[in-house]
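Student: Hey, can we go through this one together? I'd like to start with the overall fold and then pick at details.

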Amino acid sequence: MNRRRYLAGTGSVVAVGTAGGYAVGRASGDDEDDAESTAEESDQETTDGEETADGDEETPIRTILHLTSGDEADHDRALSNLENLLADETTDNDAVQFVVNSAAIWVYVEGETEYADRIRALAEDGVEFNGCENSLEGYGIDESELLEPVTVVPSGVGEIAKRQAEGYGYIKVP
């Protein structure tokens, strides 16, 4: 049996088992009030955030964008993605972080990037900019050459992993 067919079959069994368990639990004579109150309690459990129109709280959005490309056109598209995220009125952006590594580190180098003003303006809007120390070393760039809003992290991918463990959403930009 190939892996795809096996996984598809396993998913069906699990889904049927789960649905059946719910039906059996409801039909087995469990106290309906307890089941309803548990459902209501789970519907009301949220993390800190703003209330929505129906009284529930929204979870604030924390996002990390990751750029690795050294292509200037990709830098432009990545910063446009970032600007679009901030401009989207339907998202409650609690924290936004922009991490670069590999050849993308050049987007942060003063005098080498055409995007310095955009990066500074986005930093003023609350975006945290991070550059990978390993990439700086690999390309022979001194930390003093970076734009002022950039903070150096030991490893770009390590920073991303830590933020994802904290619940940040990950977006790979061009």
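Student: OK, what order do the strands of the open sheet come in?
Tutor: This is a predicted model, and in it five strands make an open sheet in the order 4-3-2-1-5, with parallel pairing.

Student: Which strands stand at the edges?
Tutor: Strand 4 (150-153) and strand 5 (169-172) do. Each has a single partner strand, so one side of each has no neighbour in the sheet.

Student: And how much are neighbouring strands turned against each other?
Tutor: On average by 25°, if you ignore direction.

Student: How many bridges join strand 1 to strand 5?
Tutor: Four, and the two strands run parallel. Strand 1 covers residues 61-67.

Student: Switching to helices: which strands does helix 6 lie across?
Tutor: Strand 1, strand 2 (93-100), strand 3 (128-132), strand 4 and strand 5. Helix 6 runs at about 160° to strand 2.

Student: I clicked on glutamate 159. Where is that found?
Tutor: In helix 6, which spans residues 156-165.

Student: Is glutamate 159 buried or exposed, and why?
Tutor: Buried, because its relative accessible area is 5%, and buried means under 20%.

Student: What does glutamate 159 touch, leaving aside its neighbours within four places in sequence?
Tutor: Ile64, Gln97, Val99, Asn130 and Val153. There's also a polar contact of 2.9 Å between the side chains of glutamate 159 and arginine 163.

Terms used. Residues are numbered from 1 along each chain as its sequence is written. This is a predicted model: local features need pLDDT of at least 70, side-chain atom pairs count only at pLDDT 80 or more; totals for chains, interfaces and linings use all residues. Side-chain values use heavy atoms; hydrogens and water are left out. Buried means under 20% relative accessible area, exposed over 50%, partly exposed in between (1.4 Å probe, protein chains only). A polar contact is a pair of N or O atoms within 3.5 Å; within protein, one must be able to donate a hydrogen and the other to accept it, and residues adjacent in sequence count only if both atoms are side-chain atoms. Contact means heavy atoms within 4.5 Å. Two strands pair if DSSP finds at least two bridges between them. Axes are lines fitted to C-alpha atoms, for helices over the stretch in contact, and angles run from 0 to 180 degrees between N-to-C directions.
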